[in-house]
Structure formats: C-alpha cells, structure tokens
Amino acid sequence: MNLEANASIEIHNEDYNMQDYLYSVIGFIAIAIHLIINFKVMVKPESSTSQKAAGKYRFLITAIFSYYITDVLWGILAGLNWITALFIDTTIYYTAMSLAILGFYRYIVEYLEMKDWRANFFKYFGIGFCILENIFLIINFLFPCFFWFDENDHYIAGPVRYAALWIQIAMFSISSIFTGIEAFRQNSAKKRNLAIFLFSLVMLVAIIFQERFPLLPFYALGCLIGCCILHVYVVGDVKQS
C-alpha cells in the first residue's frame, strides 16, 4: 500500500454519530472480559519471586486496559462531537498504545527468559518505539503530523500514524517468526513460545486491518483475543510459581 497516497484519510459518514457509539461497544466488551480474566492479577501484587515476568505482565495488561478506556471514550466523544476532548483522548489513546507495545516487548524478554541478542533487540525496540511515538505526539500539538481534525471536525489520520502502525506490523512479524520457530521445537519453553507466537500473530492481523479501516476497533479486538490467549498460559505459570 502506498504510504504517501494514504498519508491522510478523511472520515465521512451520514450515520457518523451512531457508528461512533457502536464503535464503543467493542471497547466495553473488551473491558468487561479483561476485568473478568485479569482483575486479580492487576490489583494483587505477586508474592512469589520465582515468576520474574509477573510484574511486567501486570504492566502489560494494565496498559492494554488503559487503551480500552481511551478507545471507548473515542467513540462516545466522536458521537457527541466534542472535538477538543476528542483530540486529548486520541493523544492519550496513542500513548496507551505505545505503553502496551513497551510492556509487551519487555514482558516477552522476561517470560521467554531471553539472554542473547534478541533480548536487547526487543527490549530496546519497545523503549525506542514508546519514546519516539510520544515525542511525535507532543510535536503533533504544534505541527499536526500524527492526526488532526479539519475545519469540518473530521478526523484526519496523518503519515506518522501510518508509519507507527507499519512499524508495529514489522515487529509483530519478527516476534511471530522467532517464537513460531521455537514453538515447533521440542523444548521446555515450547508452550511459552506458542503463547507469544499466537499473540503476535493475532496482533499482526489486527493491525493490518486497523491500518486499512481506521473507524473499526480491530486493534482492541486483537488485544482482547491476545490477552485471552496469554491468560491461558501466563496465569497458569503464575499459579504454579
């Protein structure tokens, strides 16, 4: 897809308000399921020191929970046409997204007990992505490059937004390849690699659709399915610890 040709996209719809409210429904469902399966992990500190990844897992699911909240508010505020509040919420939305990416790559380094060059690669990518995305979000207040609203109050997705999503697509492709290879090997980390492989694959597909359809909550759906996958594997590991 030509990034330059798609550097911005205007969103027009005769049923704009209703579509925005329906957009929030997925977020509400995601929040409900997220709390059902992760509430204890989010609020109860892990007393076991044998599970080093527990704290980073808590950071990840808390960041994703924050993302869900901003996603729900986005649909509501857009439906109400409260543009100033919507601009602020959209900024926090992308900040929460960057924190989720940071949390995911910090988490997999601990969860998979990476010790080689991959540990630094994933860890520093997460840190770098989070810092750069938030720098561009600050710049966006003065020089719109990430997103903006035109004179008709229509949301415009800028070139940096597309670049950020394509970087995520590339990184989830890499993490899915690495963990996919390890998942099909007979070793003690087979199930853990399978969990990260499935999460990465789900997010890869979700972000591709999100890039193409900005008004549909594919990213939230990807996070929801991915968290359910992790819950099956991770919570079992925490309990065993």
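Visitor: What does the chain average in pLDDT?
Guide: pLDDT is the predictor's confidence in each residue, from 0 to 100. This is a predicted model, and 83% of its residues score at least 70. Over residues 1–16 the score stays under 50. The chain average is a pLDDT of 84.

Visitor: Which residue meets Lys-56 in a salt bridge?
Guide: Side chains of opposite charge can pair when their charged atoms come close. Lys-56 lies in helix 2 (residues 54–80), and its partner, 54 residues apart from it, lies in helix 3 (residues 83–111). The N to O distance is 4.0 Å, and the partner is partly exposed at a relative accessible area of 28%. That partner is Glu-110.

Visitor: How far apart are the closest N and O atoms of Asp-116 and Arg-118?
Guide: The structure holds 2 salt bridges, and Asp-116 forms one with Arg-118. Asp-116 counts as partly exposed because its relative accessibility is 32%. The closest N and O atoms are apart by 3.2 Å.

Visitor: Is Leu-142 buried or exposed?
Guide: Leu-142 is placed in helix 4 (residues 117–142). A nonpolar surface patch of about 1,000 Å² includes Leu-142, along with Phe-141 and Phe-143 among others. Exposed means over 50% relative accessible area. Leu-142 has 66%, so the residue is exposed.

Visitor: What distance separates the end C-alpha atoms of helix 6?
Guide: Helix 6 (residues 190–212) has 23 residues, so at 1.5 Å a residue it should span 33 Å. Its buried residues include Phe-197, Met-203 and Gln-210.

Key. Residues are numbered from 1 along each chain as its sequence is written. This is a predicted model: local features need pLDDT of at least 70, side-chain atom pairs count only at pLDDT 80 or more; totals for chains, interfaces and linings use all residues. Side-chain values use heavy atoms; hydrogens and water are left out. Patches are made of residues with over 30% relative accessible area and no salt bridge: like charges are joined within 9 Å, nonpolar side chains (Val, Leu, Ile, Met, Phe, Trp, Tyr) within 5 Å. Accessible areas come from the Shrake-Rupley method with a 1.4 Å probe; for residues, only the protein chains shown count as cover. A salt bridge is a side-chain nitrogen of Lys or Arg within 4 Å of a carboxyl oxygen of Asp or Glu. Helices (H or I, at least four residues) and strands (E, at least two) are DSSP runs, numbered from the N terminus. Buried means under 20% relative accessible area, exposed over 50%, partly exposed in between (1.4 Å probe, protein chains only). The expected span of a helix is 1.5 Å times one less than its number of residues. Contact means heavy atoms within 4.5 Å.
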